[in-house]
Amino acid sequence: MHANRIEKLLFIGPVIVLLILFSVFPLLYSLFMSFTDFSIARGYTNGFIGLDNYVQLMKNKQFLVSIFNTAKLIVFGVSTQILLGFVIAKLFKARHGSRLTTFLRTIYIIPIMVTPLIFGLISVYLFDPVYGIINYILQALDLGTMTWYGSEKTALFTIYIVDTWQWTPFTTLLILTGLLNVNESLYEASSIDGASVLQQVFHIEIPLLSRVVGIAVIMRFMDIFRMFDLIYASTKGGPGISTEVISLFAYRQSFNFYKTGFGSTAALIALILTVFFSSKLNTYLSREN
Amino acid sequence: MVLHLPYLFKEVCMKRLSLSLVLVFILAGFVFANGAVEDQVTLTAEEEMWSSELHDWSGKTIRVMMIGDPWIDSLIEISKNFERITGAKVIVDGYGYDQTHEKEVLEGNQPNSDVDIIVLDAPWVGEFAEAGYVENLKPYIEKEDSDLIAWNDYFSTFRDVVTWKDQIVGLPFASYYVMGNYRKDILDKEGFDFPVTTDDVKAIAKHFSNNPDYPNMYGVAMNNQSGSAVGQAFFEWIYSFGGKPFMSMYPGSPDSYADMTPNFDSPEAKETVQFFIDLLEYQPEGALSIAWDDRAKYFASGYVAQAFMWSARMAMLEDPNKSAVIDKVDFGLFPSSEPGKSAPPLGGWLMGIASNGNQKDMAWDFIKWFCSQDVHQEFVMAGGPPSRYSIFTDPETTAKYSWLDTLEDTVDRSYADCRPRIPESNEIITTVGTYISRAMTGELTVDKAMKALNVELAEMLSNAGYNVSK
């Protein structure tokens, strides 16, 4: 039995060490940093400053706006990606098995294979108000043009569109997997009973897919909460602070201004919010199941 | 006999195979030997001179960390000559602006570094010198022949930039100055002279925007993107509006950092921001997101009538592979609110030795070689930004670049501290840029934005130990 325990330790030991080194230690160190005014370029000026960073952060308008912008992206982004993902998954399921569907599905998932930073850089060119192909197509269709990233009124909306474009294929794949696992006999039985397509969706598919959708919601929630690459590549938080998000704010404090203590505080607050809302979401979805 | 045939056949095949292999090896030997012969270095007379001046660094590798600006390819190409002369291998790593700063600060904080040469920006001079990221080059320079260094041949304002508290932080090999760039063809056609004042800029911008005679043309492209882009633009224009961002920071100041009380709510500062706002309507759609590359792109593509760009971009405008406006462009002195008040912005890059590097002598060899007059002339001919007065009298460069006379008129009018060269510089410029962008979007009035900016910077600089009046 003792040998059994040692064997188990030998197997999971390396993972625990890695977890401690790359997760636990950085987290605790960030926590420590958040109570200091440490700057990576200038060292400690006053050393331990207690809750000063947290107080300053709560009074910082840019940080508060970043939370609000992040929340907007999450609410609209997640709901759109789930809805759109469901509709497109239904379309793929309807023609499942055909070579054309397989081909289209392959092209459809290309965006999720591109790193977010590159996708962001590409989107800057696509959505360029003067040179971009999006405006060119809109003009050709007589639909006018938009400023996209170039206006505080449309920049966040553009971020939302680009994120939706890139990640809806991900939710589509998850939901499609769930749909393909729904027993066909349920559809047959409900058809015999006179159920319409919509009734089948609401009374068969959605209940059976709730777990899969729940996973998709949680994953997209965490991804959008952490969103950095796309905004860094495109707007850098502008125009003004209209696309400022939490991760960009934390990054700027730590790596542009080298106020590592203050940046760690922002990153920790972001982590706390992510964990809190993810666990609430998980609890809610488990209860629904 | 019959029984031996397969054996004989095998014997013959093996012999033929062996003979073929020997022939192949001999031929390969000739090929590689010839290649090796071709690889033996044949140096020019100038390189022969340098080979006696520089050390033999065969088998060594030198790493350069720098900005990925348009002339990086020219630097890489010319560095091959150093490889030929010394036997060293030169590896150049180029990054975006923010990444260059990040990486250099992070690298500078390590006890040891693989990076030998750091190319740093003008505003980072104080930060890097105070933190000890780069060597003081004074002792290195003093050991050399003064004709080789030709210190006084560097532009005087940029010599000031690279000097921090009696240290020389790097050699000023890539100085930038902002000049006006104009579409001479259409300005002449419409009867405009190149703008001398900011009112002239506005008039030209207004004329060429939404003009049915010039469809798809805009009046101007400015650096408007939130953060460091428009923040830098503010520091480019404020002095030409007769203003000063901090109480002791102005051209001619005996000590630019004596009184760092922010002055962003002065009439001149507000006038500068209002100028940016007024020009928005004459710029391409989505103007609020325009940054350095976009500005250059719009002008080089023929979309705008005027732009005010760093001199590092000038070579691109005369490159047929990159510009649609060759032979249509003229250059002029940076405009000001009143005639004769032009204070052209100054920036650019210097080459320093990483303090925690392990190959400082080799780094110095590279720096003094690359920054020498002859190699600098080659660099400029290949598209690098001019940094020496001798370029203005060189027949090759003056024949190639039509904007050199404007640059010559510009260089000695600049102010070395046009952007603060202190450790807080990055934070100051980004904070300024964020507030100005909020004013440009209309989220805040200009008054409110500049007042709030003043308060925030006063607190920041006071906490950092600078002299700030209450």
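**Exercise 1. Which residue of chain A forms a salt bridge with E427(B), and how far apart are the closest N and O atoms?**

Solution. This is a predicted model, in which local features need pLDDT of at least 70 and side-chain atom pairs count only at pLDDT 80 or more, while totals for chains, interfaces and linings use all residues. Residues are numbered from 1 along each chain as its sequence is written, chains are lettered from A and ligands numbered from 1 in the order in which they are written, and side-chain values use heavy atoms, with hydrogens and water left out.

Step 1. Recall the rule: a salt bridge is a side-chain nitrogen of Lys or Arg within 4 Å of a carboxyl oxygen of Asp or Glu.

Step 2. Apply the rule to E427(B): the partner is K259(A), with the closest N and O atoms 2.7 Å apart.

Step 3. Count over the interface: chain B and chain A share three salt bridges.

**Exercise 2. Describe the interface between chain B and chain A.**

Solution. Step 1. Count the residues in contact (heavy atoms within 4.5 Å): 35 residues of chain B meet 32 residues of chain A.

Step 1. Take the buried area, which is the accessible area (1.4 Å probe) that two parts lose on being put together, summed over both. For these two chains it is about 2700 Å², with 50% on carbon and sulfur atoms. In chain B, the residues that lose the most area to chain A are E102(B), E285(B) and E427(B), together 20% of what that side buries.

Step 2. Count the polar contacts. A polar contact is a pair of N or O atoms within 3.5 Å; within protein, one must be able to donate a hydrogen and the other to accept it, and residues adjacent in sequence count only if both atoms are side-chain atoms. Between chain B and chain A there are 14 residue pairs in polar contact, both at pLDDT 80 or more.

Step 3. Assign the elements. Helices (H or I, at least four residues) and strands (E, at least two) are DSSP runs, numbered from the N terminus. On the side of chain B that touches chain A, at least two residues each come from α4, α5, α13 (292-300) and α19 (425-440) of chain B. The largest share, seven residues, belongs to α19(B).

Step 4. Sort by class. Ala, Val, Leu, Ile, Met, Phe, Trp, Tyr, Cys and Pro count as nonpolar, Asp, Glu, Lys and Arg as charged, and the others, Gly among them, as polar. The side of chain B that touches chain A then has eleven nonpolar, 14 polar and ten charged residues.

**Exercise 3. Locate the salt bridge between D166(B) and K138(B).**

Solution. Step 1. The two side chains meet at 2.8 Å, N to O.

Step 1. D166(B) lies in the loop between β4 and β5 (167-168) of chain B and K138(B) in helix α6 (residues 138-142) of chain B, 28 residues apart.

**Exercise 4. Survey chain A.**

Solution. Step 1. Chain A has 13 helices and zero strands. Its C-alpha trace spans about 75 × 75 × 30 Å along the principal axes.

Step 1. Check the backbone. The peptide bond from G238(A) to P239(A) is cis, with omega near -10°, and P239(A) sits in the loop between α11 (229-234) and α12 (246-256) of chain A. Y258(A), a residue other than glycine, has a positive phi near 60°; Y258(A) is in the loop between α12 and α13 (260-288) of chain A.
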